[in-house]
Amino acid sequence: MPEPMSSPQPLDLGVRGRRMGIDVGQVRVGVALTDPDAILATPLTTLQRDLKKHFDVKIAANLVSEHEVVEVAVGLPLAMSGEYTDSTRAALDWARRLARRLEAKGREVPIRMVDERWTSVQSHRLLLEAGVSRREHKDKVDQQAAVTILESALDGARRAGGANGDGRPTDRTHTDLTIDDSASSTNPEGDLT
C-alpha cells in the first residue's frame, strides 16, 4: 500500500452509491451515510474510539461493506491557520487504518479527507436549533459532525461538477492517491487510499 500524499479530488458523484462521512474524535467517531443517490446525509451511529485494538476502524470497515459505500469522507481537523495538529495526524492515521482494513477485505473504496474546521461549531448550532438540549449534545454531536462533513464533501463535489469537472463518471482504475501529513497544508480536501 502506498504511503499517503495530498490530492484535491472531490467526491465522484458520477458514480451512484452511498457515501459515508466520518468525524474522528479523541473519544468517539461519528458516522453518517447518504442515500444511494447521494442527496441526503443522515446520522448513522457513534463508535467508541479504541486506540489499542482499533475495533472502531474494524466496525467502520464493516459498515462500509454492509451499506455498499462507494466513497468515504473523513474530517480533517486542521488548525484555523491550515496547519496540521496532533488531531490532524490522528485523523489521517485513522483514515489510513480504514483504507488498509478495506483493502484487506478486497474493497477499494476512495477515502477523501475533508476540511472540518467549522463542523463542531456548526453541529452544536444545528442541534440547538433542532431543540436538542446541551446535555444531550455529547451523544449526538459526533454524528451531526459526520453529517456536516459529508454534506460539505457533497457540496464541494456538486460545485466541481464531479471528479472530472463535467459530472460524468471517472475512470477509477488508478487510485494511488494519499495524504502527506509531514508538512502543513491548506488543501482541505484530499484522497487517501
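Q: What makes both faces of strand E2 count as covered in this predicted model?
A: Arg28, Gly30, Ala32 and Thr34 lie on one side of E2, Val29, Val31 and Leu33 lie on the other, and all are buried. In this predicted model, seven of the seven residues of E2 (residues 28-34) are buried, so the strand is described as mostly covered.

Q: Why is Arg28 called buried?
A: The relative accessible area of Arg28 is 18%. Buried means under 20%, so Arg28 is buried.

Q: What makes the contact of Arg28 and Asp142 a salt bridge?
A: The side chains of Arg28 and Asp142 meet at 2.6 Å, N to O. The limit for a salt bridge is 4 Å, and the pair is therefore counted as one. Arg28 is in strand E2 and Asp142 is in helix H4 (residues 134-160), 114 residues apart, so the pair links distant parts of the chain. Asp142 is also buried, with a relative accessible area of 8%.

Q: How many salt bridges does the structure hold?
A: The structure holds eight salt bridges.

Q: Why are E1 and E2 said to pair, and in which sense do they run?
A: Five bridges join strand E1 (residues 18-24) to E2. Pairing needs at least two bridges, so E1 and E2 pair, and they run antiparallel. Asp23 has Gly30 in E2 as its bridge partner. A hairpin through three residues joins E1 to E2.

Q: What makes E2 and E3 a pair of strands?
A: Seven bridges are found between E2 and E3, in the antiparallel sense. At least two are needed, so these strands pair. Val31 stands opposite Thr45 in E3. The hairpin of E2 and E3 has six residues between the strands, and Ala38 takes a positive phi near 55° there.

Q: Is Ala41 buried or exposed, and how do you know?
A: Ala41 has a relative accessible area of 8%. Since buried means under 20%, Ala41 is buried. Ala41 is in strand E3 (residues 41-48). Leaving aside neighbours within four places in sequence, Ala41 is in contact with Leu33, Thr34, Val147, Leu150 and Glu151. Ala41 and Ile149 are 108 residues apart in sequence and 9.5 Å apart in space, C-alpha to C-alpha.

Q: Why is strand E5 described as largely enclosed by the rest of the structure?
A: Five of the five residues of E5 (residues 111-115) are buried, so the strand is largely enclosed. Ile111, Met113 and Asp115 point one way, Arg112 and Val114 point the other way, and all are buried.

Q: How do you know that E4 and E5 pair?
A: Strand E4 (residues 69-76) and E5 share five bridges in the parallel sense. The requirement is at least two, so E4 and E5 pair. The bridge partner of Leu76 in E5 is Asp115. E4, helix H2 (residues 86-104) and E5 make a right-handed β-α-β unit.

Q: What makes Asp93 and Arg97 a salt bridge?
A: The closest N and O atoms of Asp93 and Arg97 are 3.1 Å apart. This is within 4 Å, so the pair is a salt bridge. The two residues are four residues apart in helix H2, which means a separation of about one helical turn.

Q: Why does Asp93 count as partly exposed?
A: Asp93 has 31% relative accessibility.

Technical notes
Residues are numbered from 1 along each chain as its sequence is written. This is a predicted model: local features need pLDDT of at least 70, side-chain atom pairs count only at pLDDT 80 or more; totals for chains, interfaces and linings use all residues. Side-chain values use heavy atoms; hydrogens and water are left out. Buried means under 20% relative accessible area, exposed over 50%, partly exposed in between (1.4 Å probe, protein chains only). A crossover is right-handed if, with the strands pointing away from the viewer, the path from the first strand over the helix to the second runs clockwise. Contact means heavy atoms within 4.5 Å.
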